[in-house]
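Subject: Structure handover

Hello,

Here is the structure I promised to pass on. Please have a look before reading my notes below.

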Amino acid sequence: MGIKLYYTTVTASRTVKSQQAEVIRILESKSIQYELIDISVGGELRDEMRSKVGDPTAVPPQLFNEHEYCGNYEMFSEAVEADTVEQFLKLA
């Protein structure tokens, strides 16, 4: 599967929860298949996400196409506004 969404099921941040929910809602509304990777199941997944992003403080949601970094929530949101989600996710 191409699109990978790093997210967490354990967070006290309402912002992170709402951003994750919005990304999932938009992906599903566009019928874009994706794989959820829950970083809360182990620190190594969080570290892997941060290493791939290149930011030791990165928080979910983070989007990838296979191993290629697409961006974070803010970048995804901009692509939604510009109607360029497929290009953002490197699908087009």
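Predicted model: local features only at pLDDT ≥ 70, side-chain atom pairs only at ≥ 80, totals over all residues.

Which residues does Phe-76 touch, not counting residues up to four places away in sequence? They are Val-23, Ile-26, Leu-27, Leu-63, Val-85 and Phe-88. Contact here means heavy atoms within 4.5 Å.

Numbering runs from 1 along each chain as its sequence is written, and side-chain values use heavy atoms, without hydrogens and water.

Now the cores. A nonpolar core is a set of buried Ala, Val, Leu, Ile, Met, Phe, Trp, Tyr and Cys residues joined through side-chain atoms within 4.5 Å. Buried means under 20% relative accessible area, exposed over 50% (1.4 Å probe, protein chains only). The largest core has 16 residues. Phe-76 is among those with the most contacts inside it, as are Val-23 and Leu-27. Strand 1 (3-7), helix 1 (14-29), helix 3 (73-81) and helix 4 each give two or more residues. Helix 1 gives the most, with four. Helices (H or I, at least four residues) and strands (E, at least two) are DSSP runs, numbered from the N terminus. A second, separate core has eight residues, including Ile-37 and Phe-64.

Two single residues next. Thr-8 sits in the loop between strand 1 and helix 1. Thr-8 is buried, because its relative accessible area is 9%. Its side chain reaches the backbone oxygen of Val-10 at 3.1 Å.

Ala-92 lies in the segment after helix 4 (85-88). Ala-92 is exposed, at 78%.

Best wishes

Note on methods. Polar contact = N/O pair within 3.5 Å; in protein donor to acceptor, adjacent residues only side chain to side chain.
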